[in-house]
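Let's take a walk through a protein together, one stop at a time. Please have the picture ready and follow along as we go.

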Amino acid sequence: DAGGVFNPPLGVFGIGSTEVESTYFFPGITATGNINIETADSAIDMNVTAVTDILGNGKVDVAGNGDVIVIEEDGDLQIGLIRTASGNVFVGSVNGDIVDQDNDAQADVIGISITLIANQGAIGSKENAIEINSSLPTIGLVTASAMDGIFLTEVDGDLNVGKITSKTGDVCLTAIRGDILDGNNDDGAETQGVSIPLLARN
């Protein structure tokens, strides 16, 4: 009320000024336009988990400095820029594709290890790949799984493959300024698909 004192619940706001690692969970964000989530600058990890539902032609932008998880619960996950300064990124679509909504050559996903899952769809396309900047700031793995094709372009540095599998489509991997490497350094198959073109432009 006007003039009253707001006593916030300590379970939400806590007390004191010491920074602690935090995780922000957004269980259901629905929008006909864009969804934009950004954590405050902090020396402590601030993780983000978001379950989204884009109803129109909007895109999802997320910026954090811890681990970032974004799951589109219905339809295509239209990515603008999903990035973290010092964590891993997981992006997935429950029943659609993962799409570069801007259709440009800039990185769409930035992080240390990057995982992309589209169990009933595709990840990128031949005409519009998903651009990633992985192993930033330290070495990480790129993992992807899709029912249909997977098209990934590493924009800077090496693409360290963890496990990339398409059940029914092609897997096309490109490293613009680096190599394509076996990130597991083992004898197992890192990439599975109908056709697997690999292009390292370094």
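The paragraphs below visit the core, a pocket, a strand and several loops.

First, a word on what you are looking at: this is a predicted model, in which local features need pLDDT of at least 70, side-chain atom pairs count only at pLDDT 80 or more, and totals for chains, interfaces and linings use all residues. Residues are numbered from 1 along each chain as its sequence is written, and side-chain values use heavy atoms, with hydrogens and water left out.

Let's begin inside. In soluble globular proteins, nonpolar side chains tend to be buried together. The largest nonpolar core here has 34 residues. Such a core is a set of buried Ala, Val, Leu, Ile, Met, Phe, Trp, Tyr and Cys residues joined through side-chain atoms within 4.5 Å. Buried means under 20% relative accessible area, exposed means over 50%, and partly exposed lies in between (1.4 Å probe, protein chains only). Which residues have the most contacts inside this core? They are V91, I98, L116, I123, L152 and I164. Take L116 as an example: setting aside residues up to four places away in sequence, L116 touches V91, I98, I123, I130, T143, A144, S145 and L152. Here and below, contact means heavy atoms within 4.5 Å.

Next comes an opening, the second largest pocket, with a volume of about 180 Å³. On a 1 Å grid over the protein atoms alone, a pocket is an open set of points, where a 1.4 Å probe fits, with protein on both sides within 12 Å along at least five of seven lines; its lining residues have an atom within 4 Å of a point. Grid points are joined across faces, edges and corners, and the volume is the space filled by probe spheres set on the points. How many residues line the second largest pocket? There are 14, and A129, E131, T153, T174 and R201 lie nearest its centre. Two strands, β13 (150-154) and β15 (171-175), each supply at least two lining residues, and β13 gives the most, with three. Strands are DSSP runs of E, at least two residues long, numbered from the N terminus. Sorted by class, the lining has eight nonpolar, three polar and three charged residues. In this sorting, Ala, Val, Leu, Ile, Met, Phe, Trp, Tyr, Cys and Pro are nonpolar, Asp, Glu, Lys and Arg are charged, and the others, Gly among them, are polar.

Now find N47 in strand β3 (residues 46-54). Is N47 buried or exposed? N47 counts as buried because its relative accessibility is 10%. A polar atom of the N47 side chain lies 2.8 Å from the backbone nitrogen of D67. That is a polar contact, a pair of N or O atoms within 3.5 Å; within protein, one must be able to donate a hydrogen and the other to accept it, and residues adjacent in sequence count only if both atoms are side-chain atoms. Beyond its neighbours within four places in sequence, N47 is in contact with E21, S22, T23, Y24, G66 and D67.

Moving along, N133 lies in strand β11 and is buried, because its relative accessible area is 13%. Its contacts, leaving aside neighbours within four places in sequence, include A107, V109, E154 and D156. The loop between β11 (130-133) and β12 (142-146) is where you will find P137, joined to L136 by a cis peptide bond with omega of about 10 degrees. S135 sits in the loop between β11 and β12 too. S135 has a positive phi of about 55 degrees although it is not a glycine, and S135 is buried at 17% relative accessible area.

Another loop, between β8 (98-100) and β9 (109-110), holds N103. N103 is not a glycine, yet it has a positive phi of about 50 degrees. D104 is placed in the loop between β8 and β9 as well, and is partly exposed at 30% relative accessible area. A polar atom of the D104 side chain lies 3.3 Å from the backbone nitrogen of Q106.

Our last stop is G193, in the loop between β17 (191-192) and β18 (198-200). G193 is 45 residues from D148 in sequence, and their C-alpha atoms are 9.1 Å apart in space. Strand β18 holds A200, which is partly exposed with a relative accessible area of 42%.

Notes: Helices (H or I, at least four residues) and strands (E, at least two) are DSSP runs, numbered from the N terminus.
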